[in-house]
Amino acid sequence: HVLSAYASMADWLLKALSGLLTLEHSVYGVVVALATFVALFVRHRRQTQSAGARRREVAVVSELHLYPVKSCKGIRITNAECTSRGLRYDRCWVVMDGESQFLTQKKQPTMARISQQLEIDEQGQAVVILTAPNMPELKLTSHFSDTIEKTEVKVYRMIGTGIDCGSEASEWFSTYLNIPGCRVYYMPNYCQSRRLATDSKYGHVAQQEDEVSFADFAPYLLTSEASLTDLNSRLDKPLSIRNFRPNIVVRGPDAYEEDSWGKFTIGAAVFRKLKECGRCILTTLDPDTGEKLGEEPLKTLRSYRSDERYGTAPKFGLHATVDRIGTIAVGDRVFIHDE
């Protein structure tokens with residue numbers, strides 16, 4: 001529309017200057033045309049500059065990680081579908097003890113030795129294959145009837161529902177963890193998600209529709225290579241990004257620059273930052289064995305990355321949700337939206 005207006009104004013000017021209109025009309029037309037032309041030009045420049053400012057390239061995705069069963073070893077992937085609850089199949093399974101308390105490496109560090117493999121069967125259903133030392137292979141399926149009984153599952157301060165994965169899964173985890181009465185629950189799309197706004201501690205950063213499966217709080221965790229490099233420069237023994245269990249790792253921004261992001265686009269998905277991630281003792285465990293490595297990185301992070309909003313948990317990485325679902329892949333560029 002703007003370009004066609006430019007053309008009309010230009011045509012009017014040419015006709016006026018060529019004497020094809022009366023002198024009176026020519027003078028009047030030239031003035032009107034010039035004024036309109038200038039106004040449209042200024043408006044177009046402002047819109048163009050504003051559009052350019054709204055999206056600014058800052059990074060590229062270098063790694064993607066998926067954790068189908070919460071707190072088991074992660075899977076490095078090359079692409080993923082972003083849903084409102086997290087990466088497709090991310091933390092959709094959770095292990096509970098006999099008292100309905102969810103289990104993680106924080107109290108059961110040997111969960112780090114449980115390897116996961118995700119496959120899609122001929123019916124298009126996900127199958128998670130679990131292996132662990134001195135244990136037979138266990139397969140968890142995502143194929144359940146939507147009429148099956150659903151159970152309330154509470155992870156931290158938010159409640160959702162899940163489907164009991166059966167006695168084989170129960171016995172497998174009970175045996176491996178030496179905890180009687182373990183149950184495994186799966187959250188398909190037709191189960192009630194956990195609503196971030198209901199979280200009594202951090203719900204104020206979320207919108208009413210924000211949801212998550214069985215992740216601690218947010219559906220996405222993003223970290224940057226530069227932030228890890230800066231942290232490692234302060235440690236005697238460098239750590240892997242796997243110590244921080246991110247979903248998305250980016251390369252490009254300066255260390256901790258991601259703290260300042262608001263909305264950002266990766267691939268077809270649009271993300272919204274919720275808050276920084278306050279880190280826990282899980283970061284001090286060897287990601288392959290669950291062995292505690294000491295007080296690092298928490299001791300060092302607390303010396304320069306503390307924030308009263310997170311108590312004694314120093315911040316590293318950001319929690320996010322999506323405003324637009326879509327696929328993302330390693331190599332995708334990251335654009336932040338300047339408001």
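**Entry 1: the whole protein.** I began with the surface: the protein exposes about 17,000 Å², and carbon and sulfur atoms supply 52% of it. Areas here come from the Shrake-Rupley method with a 1.4 Å probe, and for residues only the protein chains shown count as cover. I kept in mind that this is a predicted model, in which local features need pLDDT of at least 70 and side-chain atom pairs count only at pLDDT 80 or more, while totals for chains, interfaces and linings use all residues. Residues are numbered from 1 along each chain as its sequence is written, and side-chain values use heavy atoms, with hydrogens and water left out.

I noted five helices and 20 strands, taken as DSSP runs numbered from the N terminus (helices, H or I, at least four residues; strands, E, at least two). Of the 339 residues, 50% are buried; buried means under 20% relative accessible area, exposed over 50%, and partly exposed in between (1.4 Å probe, protein chains only). Among contacts with a separation of 6 or more, 69% are between residues 24 or more positions apart, a contact being heavy atoms within 4.5 Å.

**Entry 2: the cores.** Which residues have the most contacts inside the largest nonpolar core? I found Val-69, Trp-93, Ile-114, Leu-130, Leu-140 and Phe-173, in a core of 26 residues. Such a core is a set of buried Ala, Val, Leu, Ile, Met, Phe, Trp, Tyr and Cys residues joined through side-chain atoms within 4.5 Å. At least two residues each come from strands E5 (93-96), E7 (126-131), E8 (138-141) and E11 (183-186) and from helix H3 (167-177). H3 gives the most, with five residues.

I then clicked on Trp-93: leaving out residues up to four places away in sequence, its contacts include Val-69, Val-128, Leu-140, Cys-165, Val-184 and Phe-214. Apart from this core lies another, of 25 residues, with Val-250, Phe-264, Ile-266 and Val-322 among them.

**Entry 3: rings.** I counted 13 aromatic pairs. Rings of Phe, Tyr and Trp (its six-membered ring) pair if their centres lie within 6.5 Å; planes under 30 degrees apart count as stacked, over 60 as edge-to-face and the rest as tilted. Tyr-202 and Phe-217 are edge-to-face, because their centres are 5.9 Å apart and their planes stand at 65°. The two are 15 residues apart, Tyr-202 in the loop between E12 (194-195) and E13 (211-212), Phe-217 in the loop between E13 and E14 (220-224). Both are buried.

Tyr-256 and Phe-316 make another edge-to-face pair, at 6.4 Å centre to centre and 80° between the planes. Tyr-256 is in the loop between E15 (248-251) and E16 (263-266) and Phe-316 in E18 (315-324), so this pair ties together parts 60 residues apart in sequence. Ring pairs also link Tyr-220, Trp-261, Phe-264 and Phe-271 into a cluster.

I looked for charges over rings too (NZ of Lys or CZ of Arg within 6 Å of the ring centre and within 35 degrees of the ring normal). Arg-55 lies over the face of Phe-335, 4.3 Å from the ring centre, and Arg-234 over the face of Tyr-304, at 3.7 Å.

**Entry 4: two buried loop residues.** Thr-284 sits in the loop between E17 (269-278) and H5 (298-304) and is buried, at 1% relative accessible area. A polar atom of the Thr-284 side chain is 2.5 Å from the backbone oxygen of Ile-281.

Ala-112 is in the loop between E5 and E6 (115-120), with a relative accessible area of 0%. Its C-alpha is 5.1 Å from that of Gly-290, although the two are 178 residues apart in sequence.

Entry 5: Most residues other than glycine have a negative phi, and most peptide bonds are trans. I noted a cis peptide bond between Glu-296 and Pro-297, with omega about 10°. Buried or exposed? Tyr-89 is buried, at 17% relative accessible area, whereas Asn-178 is exposed, at 68%.

Notes: A polar contact is a pair of N or O atoms within 3.5 Å; within protein, one must be able to donate a hydrogen and the other to accept it, and residues adjacent in sequence count only if both atoms are side-chain atoms.
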